[in-house]
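Subject: Structure for you to look at

Hello,

Here is the structure I promised to pass on. Please open it alongside these notes.

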Amino acid sequence: MNRTLALAGLILALVGILLLSIPFLVSSTFSVGIEVYLAAVIVLVGLVVMIRGATAADPSVTTVGGFLGNPVVDATRRVEAEATRLPPREARYLPGPREPVNCRQCYTAIPWNVAECPRCGRRRLCRSCLKPLFLLAGAVRCGPCILDEASCTCPRLSTPMNVRSNAARAR
């Protein structure tokens, strides 16, 4: 309920009723003229405004912001916008060392213990250093450091995943 609008409608209705009653109070006779019609229109407009105010949303509690809206909503939107600008937190789910990897060329799933893609025959790349993996001593190992992929000690790249995939395709 918008109390301001309902109060304005009530005042208009009361003014219209007062204008309707003035000719009767002054002359003790009721004569219908243009003044009565004008007062009746004011009463009806007052009732419509009062009903509209009773059904309208209160600007002090509405979720509409801006000049005619709720100022609290504007402040809340500013706080939410600042919260979305914060850097993202660490990923909740990081792939384990024994999970399959998709081939960067044909997107085929490659098991963790296979060094080449079974579909296109390209070498799988290490998850941390993006160097090719080889089958050495019965295990899939990183080429430069000759360690398992999970314990690779090569320098890690800090580029995003899509840049890594483009860099890997260029090799």
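C154 touches C129, C142, P144 and C145, leaving out residues up to four places away in sequence. Contact here means heavy atoms within 4.5 Å. This is a predicted model, so local features need pLDDT of at least 70, side-chain atom pairs count only at pLDDT 80 or more, and totals for chains, interfaces and linings use all residues. Residues are numbered from 1 along each chain as its sequence is written, and side-chain values use heavy atoms, with hydrogens and water left out.

C154 also belongs to the largest nonpolar core. That core has 9 residues: A115, C126, C129, L133, V140, C142, C145, C152 and C154. A nonpolar core is a set of buried Ala, Val, Leu, Ile, Met, Phe, Trp, Tyr and Cys residues joined through side-chain atoms within 4.5 Å. Buried means under 20% relative accessible area, exposed over 50%, and partly exposed in between (1.4 Å probe, protein chains only). In soluble globular proteins, nonpolar side chains tend to be buried together.

How many disulfides does the rule give? The count comes to 0. A disulfide is a pair of cysteine sulfur atoms within 2.5 Å. Take C103: its closest cysteine sulfur is in C120, 3.7 Å away, so that is too far for a bond. For C120, the closest cysteine sulfur is in C117, at 3.6 Å, and that is also too far for a bond. C103 counts as buried because its relative accessibility is 7%. C120 is partly exposed, at 33%.

C103 turns up again next to T108. T108 touches V101, N102, C103, C117, P118 and R119, again not counting residues up to four places away in sequence. T108 sits in the loop between β1 (101–102) and β2 (109–110). Is T108 buried or exposed? At 18% relative accessibility, T108 counts as buried.

Now the pocket. The second largest pocket has a volume of about 220 Å³. P97, R98, W112, N113, R124, G138, A139, V140, D148, E149 and A150 line that pocket. V140 is in this lining and in the largest nonpolar core. On a 1 Å grid over the protein atoms alone, a pocket is an open set of points where a 1.4 Å probe fits, with protein on both sides within 12 Å along at least five of seven lines; lining residues have an atom within 4 Å of a point. Grid points are joined across faces, edges and corners, and a volume is the space filled by probe spheres set on the points.

P23 is in helix α1 (residues 3–27), and E35 is in helix α2 (residues 34–55). They are 12 residues apart in sequence and 8.9 Å apart in space, C-alpha to C-alpha. P23 is partly exposed, at 24%. E35 is exposed, at 53%. Beyond its neighbours within four places in sequence, P23 is in contact with S28 and T29.

Last, the overall picture. The protein has 4 helices and 4 strands. Their order from the N terminus is α-α-α-β-β-β-β-α. Helices (H or I, at least four residues) and strands (E, at least two) are DSSP runs, numbered from the N terminus. Buried residues make up 23% of the 171 residues.

Best wishes
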